[in-house]
Amino acid sequence: MPGLRTIAREKSGRSALRMLVGGLVVAAFAAMAPAQAQDKQVLVLGVDISDARNFDPARMADYSSPITNGAVYDSLVTQKPGAYEDVVPSLATGWERLDDGQRIRFTLRDDVKFWDGSPLTAEDVKFSLDRLLNVKDQPAVYAQNLEKTEVVDEHTVDLYIKNPAEPIMINLAAPAFAIYSRAMTEAQGGVSTPGAEQEDKATQWLNQNSAGTGPYHMVQWERNAQIMLQKNPHYWGGEVPFERVVIRHIGDSAAQLLALENGDIDAAFNLTTEQLATLEDSADIDIARGLSLDYVYMTLTSSPELNEALGKTENRLAVAHAIDYDGIIEHLMGGNAVRPVNFLPIGVGGSTEELLERIGYREDLDKSRELLAAAGNPDGFSFQLSYANAAIVGTSYQLLAQKIQSDLARVGITVELNPMDQVQLRTQYTGGETQSVITFWNPPSPEPQLWASASIERVAKRVRWEVPQEVKDVVAAAGAEPEPAKRAELYTEYTEMLQAQGNYILLFQPIYRIATSQAIEDFNLTAAGWQVQMGDIKPSQ
Amino acid sequence: MIRYLITRLASMVVMIVLATLVVFLISHLVPADPILAQLGDMQAANPAMVAAYRARWGLDLPVWQQYLIFLEGLVHGNFGVSISTQRPVLDDILQYAPATIELSTIAFLLSVIVGVPLGVIAAVRRDSWIDHVARLLSLIGVSAPTFWLAFVVLALFYGGLQIAPGPGRLDVVHLPPPFVTGLYLVDSALAGQWDVFRNAAAHLILPSTVLAATTLGLITRTTRAAMLEALGQDYVRVGRAKGLKERTIIIRHALPNALIPVVTLGGLAYAVLLSGTVLTETIFSWPGLGRYTFRSAVSLDFPAIMGITFLVAVVYLVINLIVDLSYALLDPRVVRQ
């Protein structure tokens, strides 16, 4: 037997050699693939686009699709990266409020052409917005305050508003309010009149093509594979830098990193915190940064039936003061995040890091213990924390929950971890059946009222908070306030009310980072809804 | 024989109905609301929109009625409309299936073409170096986790050595060939686009090798064991005594007898490959059925889940039927019985 083993060892040495030879044969076969010529006429982005369901502006409701729609469509107004408190002209050169704000009159640019060369007129604006309302799919919810649209003349259009006290201008910059060609869409079965819900047949075409005025136009979408955009020869914003843009589906982040390093893609959108850390010192790869308006937050129920201890405000605040917020940002996010005070992310509604310093929760274990004692639970209590079995902005809910569990244990609060499937979590959470959850918020547009009203309406129901009228009044007043400084003051007042309540604990607001090759420049990220200013990206000089 | 076929086909119909019923009940037992996988936060709080979505997919009906509607559609060749992609499930399946069929067929051929001869040689040259290599390969293939193996080969041949193309079915510079079958190798050959053919073939090498690894191991080991058994039989000894060439004994006499368990396993392996590519598809960004199945399952897209269940049930049953019928070719005794 010993003899046999010796032989086997000797033979396995030789077999390793054969395996290597075998591997080289396979490799040689693979080399038949032509080398990737990096043609700078073409911009290639590596993105996980597996969530994309459609690109019809009247139906689109996914996370990755606005990257495309932001490049192929324009809206009446737009927002510059970082400046989300206000809008700037885009297809409209100006606007004025008429009839006590019930009507907004937009003046359109007169030099805009669609990619097919036909001119943009007020008819196209009316068609696009009417279709949004009448197709009645998901984006229509953002247009609830829009009554109707009327053409005044070729380059003037009136939007009728149901409730002038509710803000609308920032919403108009969102991808849902894209303006597209009536002629092109109607030729494909597009309908904008009442009944469009049933009669409109243009979605299939709009999923493969676009009918807009943006720097590029869509020529192909192969599901789970790629999206192809072509230069718009008639673009009103000047010469377009690339002939083509290919949005390549690469679902796995490690494969995205390899493709970027090999020069097959110019930008990798979905890298993890660890992968980005390995690129920090790379001479060949740049990292574009942009503060998002997304955030990860934790809720605590007000309902004593669900959890007797959490029913007491002091106990909820004790939880809020026992979390090591800096540790979460430093260790789980690699420092690439900020923290807003409460439901309004930093960058909108007067929410800033200074405000966090002033009125934000901070880690203070003594205060936490005092609050527990005041609530009559000096030895702490226990509650169930639910979250999805999923990754989140480069980390995972599991890691976050474990971190919070160990933080709270310091003051005697026991956290029972309850991971579950994402849809199941949403079902329980929206049904108001959870004691506490960690989840994610991604806004459809940077209008502060969208966050504020959610926090006192549907999300308040989920945490079973009976919102007092005075809170509702402050939020309504903030929405109706046109003066930015006064508006910020009102939102701050509202934020203080949320802080005293202790139902929402904001954990972090990530800074999105996208790794780009040095073959391109002016890669500007935006949090306005379409992730990147596609028209800005140029080949490096 | 014809009676046998009719009985088999009838039992297949029953099996398919049972399979769809089980999956239907399980997916409806999950305590989660499929509407919440589709609607945004604001939309899910809007009763009119929620009601419209429920009505559109018949989710407002009792569960048994939903199942009957599914069966009725099935009889008419209609799988219904996917909740998440909002287009007919059949269109989705027809779009994603070719990518998976192409990948798993190449992987299957690879594991048979390599696995069977390797198993035969390993059995004939028992305990030689080639037997050890075969054993090592099988061991790696069967035991290495697919996602790990997929990433290692991608990192090595695409990332490190840069001799293999990256994720996806084609390089960015190539457009897909004109659609005929959806299999890029076939379509590009039909169109005479040889550069696309070469590129598609190159893109297939890494994922199909990874996918083949598991089945290759199984086929090699099974072939080896079956060959060893066959080579120990009396007729082999008789053949040798008659002075037949060793090659004739192995190929004409031992191999056909050894192939029966291999065919059974091969059929199952092909079915497994066709329905179990999700990890490989994820790492190689392969736009196939695996990803579609995964997304449909996590988003509780009932029509899509049912369509795929039906398809998988049919694939397994048809392959099993073919396997059983092929016994008759390999072993005449089966027919006589």
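Let's start with a pair in chain A: Lys403(A) and Asp407(A) join their side chains in a salt bridge, with 3.2 Å from N to O. These two sit four residues apart in helix H14 (residues 397-409) of chain A, which puts about one helical turn between them. Both Lys403(A) and Asp407(A) are buried. Keep in mind that this is a predicted model.

**More salt bridges**

- Salt bridges that share partners also build one network out of Asp56(A), Arg59(A), Arg131(A), Asp137(A) and Asp200(A).
- Over all chains, the salt bridge count comes to 35.
- One of the links in that network is the salt bridge between the side chains of Asp137(A) and Arg59(A), at 3.0 Å from N to O.
- Asp137(A) lies in the loop between helix H3 (122-135) and strand E6 (146-153), while Arg59(A) lies in the loop between strand E1 (42-47) and helix H2 (65-72), so this pair ties together parts of chain A that are 78 residues apart in sequence.
- Asp137(A) and Arg59(A) are both buried.
- Arg369(A) and Asp366(A) form another side-chain salt bridge, with an N to O distance of 3.5 Å.
- That pair belongs to helix H13 (residues 365-375) of chain A, where being three residues apart separates Arg369(A) and Asp366(A) by about one helical turn.
- Arg369(A) is partly exposed, at 39% relative accessible area, and Asp366(A) is exposed, at 53%.
- As background, side chains of opposite charge can pair when their charged atoms come close.

**Chain A as a whole**

- Chain A holds 19 helices and 22 strands.
- With a radius of gyration of 27 Å, close to the 24 Å that the globule rule gives for 541 residues, chain A is as compact as a globular protein of that length.
- Along the principal axes, the C-alpha atoms of chain A fill a box of roughly 95 × 75 × 45 Å.
- Of the 541 residues in chain A, 58% are buried.
- Take the chain A contacts with a separation of 6 or more: 69% of them are between residues 24 or more positions apart.
- The accessible surface of chain A is about 21,200 Å², and carbon and sulfur atoms account for 49% of that.
- Chain A carries 45 positive and 73 negative side chains, and the centres of these two sets lie 6 Å apart.

- For context, most residues other than glycine have a negative phi.
- Asp99(A) has a positive phi, near 50°.
- You'll find Asp99(A) in the loop between strand E4 (92-98) and strand E5 (103-108) of chain A, and at 44% relative accessibility it counts as partly exposed.
- Over in chain B, Leu300(B) also has a positive phi near 50°.
- Leu300(B) belongs to the loop between helix H13 (289-298) and helix H14 (302-330) of chain B.
- Is Leu300(B) buried or exposed? At 6% relative accessibility, Leu300(B) counts as buried.

- Leu18(B) is part of helix H1 (residues 2-29) of chain B.
- Its relative accessibility is 46%, so Leu18(B) counts as partly exposed.

Note on methods:
Residues numbered from 1 in each chain as written. Chains lettered and ligands numbered in written order. Predicted model: local features only at pLDDT ≥ 70, side-chain atom pairs only at ≥ 80, totals over all residues. Heavy atoms only, no water. Rg over C-alpha atoms; globule rule 2.2 N^0.38 Å. Buried < 20%, exposed > 50% of the residue type's maximum accessible area, 1.4 Å probe, protein only. Contact = heavy atoms within 4.5 Å. Areas by Shrake-Rupley, 256 points an atom, 1.4 Å probe, with all protein chains shown as cover. Lys, Arg positive; Asp, Glu negative; His and termini not counted. Charge placed at Lys NZ, Arg CZ, Asp CG, Glu CD. Salt bridge = Lys/Arg side-chain N within 4 Å of Asp/Glu carboxyl O.
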